[in-house]
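Here is a friendly briefing to read alongside the model. Please keep the viewer open as you go through the points.

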Amino acid sequence: MTHHGPQLITYADRLAGDLPGLRALLDGALAGAFTGVHVLPFYPPYDGADAGFDPRDHTQVDPRLGTWDDVRGLAEGRTVMADVIVNHVSADSERFRDVRERGDASPHAPMFLTLGSVFPDGATEEDLARVYRPRPGLPFTVMTLGGRRRVVWTTFTPDQVDLDLRTPQAWDYLTSVVDALTAGGVTVLRLDAVGYTGKEAGTDCFMTPATDAYTERIVEQAHARGAQVLVEVHGHHTQQIEIARKVDLVYDFALPPLVLHALTAHDLDPLAGWLAIRPGNAVTVLDTHDGIGIVDVGPSDLRPGEPGLLAPEKIDALVEHIHANSGGTSRQATGAAASNLDLYQVNCTFYDALARDDRRYLLARLMQLFVPGIPQVYYVGLLAGSNDMDLLAATGVGRDVNRHHFTPDEVADALTRPAVRGQLAALRLRSSHPAFDGEFEWDVDGTRGCFAWVSGEARATLTFDVSDGTFQVHATGPEGEQPFLTDTDTATATPA
């Protein structure tokens, strides 16, 4: 069960201070709950303009967090996942600083994308309007490179300069990253923002044939080093199904909004429709360090004419439910109210999205844990965290409402709460019960559902009703199938 059991996804510093602290927590208070951990960017600077997704040196561990030996220690007895930030590097990286100074005379100049790299004959208004970007405006920043004004490709922010993966310089760089991570004990590589790498004239520059070729090349590198690849792409649900056929793992980003819709609209039909077609080689999530994705269940310009998993009016109702349940705090963190804006997500903790209702929140987690795939649990979600409005006020970055810095006392207090104790009990069941090595069975009837795993005589079953949030988990043990966890006893639940 080591690889397919639950994983924690966390920043080392925001949960446990540093990498040794994270290992101590996983081996201590969280022991038995997780068989793996996705450590969000720990490269220098881990506290940069985009919380580590703007690395200056992607081959090093920020010394404030630890060393590669600490990463290898974390990997003892568990799967460690880390990010390969494929699309861009920090504008303050050593390579790009050299390009700023020397322009085309720098040996690193070819590895960075400018407007002219993709459109050497110039871009028309139609060309520019076609480019897909997850944020408002065009993905370019005017910079001075070697004394010459240039239009540099910056998909996400001006602090993150896009790479030109058509060049050997870019691949030398990415190969060095893959080498460093796999030598450091990382066995799953998460390809961050890979969908934006394949910029080609005449396309929307998102998920192009070039993207597929680049992804395949990194997958080959990873496999040669004994690692697997998880691809991170937000888009139409049919894209996830297509991508899943080509890589080891994809995210099930459709699951979180479908679970929220089920619990707020008392409607299981869209989730049932997704369960019938979703890929099995998925990493499941509820909330993440980014937000609650919406584009993943809706119609998309990337798939014109194809419906989404949720009709537009149901998506609008879901977003309004989230804003109401969070007391309006998610509205302050989403859309035009927040900088670093993404068009396709709502910034909110999952706990606040469900109005801090312990029963419905634990049911949401149980639904995730029973759906096939590798469940990842975000550290704020594990601790049933609420929107951090102080951090949002300090940074103005909408996603920071769900990126709280927990103190040791806050972690200790959270571990005593019913919603957290119930999650940990469920995670330990999911990590250890032999039923989850077997086959998944499910049935939906109106507002009621049953998810079950069966392996020989071993069985684990979740029955629930989204109309009132009630649920029961049964699991086989030495004395046969017994109640394990219900909506009335989450504070005292222990593994079967």
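Rings of Phe, Tyr and Trp (its six-membered ring) pair if their centres lie within 6.5 Å; planes under 30 degrees apart count as stacked, over 60 as edge-to-face and the rest as tilted. The model is predicted, so to speak of local features pLDDT of at least 70 is needed, side-chain atom pairs count only at pLDDT 80 or more, and totals for chains, interfaces and linings use all residues. Residues are numbered from 1 along each chain as its sequence is written, and side-chain values use heavy atoms, with hydrogens and water left out. Helices (H or I, at least four residues) and strands (E, at least two) are DSSP runs, numbered from the N terminus.

**Aromatic rings**

- One aromatic cluster is formed by F370, F436, F440, F451, W453 and F464.
- The ring-pairing rule gives a count of 19 aromatic pairs.
- Among them, F42 and W68 have ring centres 5.8 Å apart and planes at 85 degrees, so this pair is edge-to-face.
- F42 sits in the loop between β2 (36–39) and α3 (68–74) and W68 in helix α3, so that the pair links distant parts of the chain, 26 residues apart.
- F42 and W68 are both buried (buried means under 20% relative accessible area, exposed over 50%, partly exposed in between, with a 1.4 Å probe and protein chains only).
- Y379 and F406 also make an edge-to-face pair, because their ring centres are 5.9 Å apart and their planes stand at 80 degrees.
- Y379 belongs to helix α16 (residues 379–382) and F406 to the loop between α17 (389–395) and α18 (408–414), so the pair ties together parts 27 residues apart in sequence.
- Y379 is buried, with a relative accessible area of 0%, and F406 counts as buried at 12% relative accessibility.

**Charges over rings**

- A charge sits over a ring if NZ of Lys or CZ of Arg is within 6 Å of the ring centre and within 35 degrees of the ring normal.
- The charged end of R217 is over the ring of W171, 4.1 Å from its centre.
- R14 lies over the face of Y11, 4.8 Å from the ring centre.

**Helix packing**

- Helix α15 (residues 358–370) packs with helix α19 (residues 418–432) at an angle of about 15 degrees, their axes 10 Å apart (axes are lines fitted to C-alpha atoms, for helices over the stretch in contact, and angles run from 0 to 180 degrees between N-to-C directions).
- That angle makes α15 roughly parallel to α19 (angles under 35 degrees count as roughly parallel, over 145 as roughly antiparallel, 65 to 115 as roughly perpendicular and the rest as oblique).
- On the α15 side, D358, Y361, L362, R365, L366 and L369 meet P418, A419, G422, Q423, A426, L427 and R430 of α19 (contact means heavy atoms within 4.5 Å).
- Helix α10 (residues 255–265) and helix α12 (residues 312–325) have axes that come within 10 Å and cross at roughly 75 degrees.
- α10 and α12 are therefore roughly perpendicular to each other.
- P257, L260, H261 and T264 of α10 make the contact with K314, L318, H321, I322 and N325 of α12.

**Backbone details**

- P44 and P45 are joined by a cis peptide bond, with omega about -5 degrees, and P45 is in the loop between β2 and α3.
- A355 has a positive phi, near 60 degrees, in a residue other than glycine, and counts as partly exposed at 39% relative accessibility.
- A384, in the loop between α16 and α17, has a positive phi near 50 degrees and is buried, with a relative accessible area of 2%.
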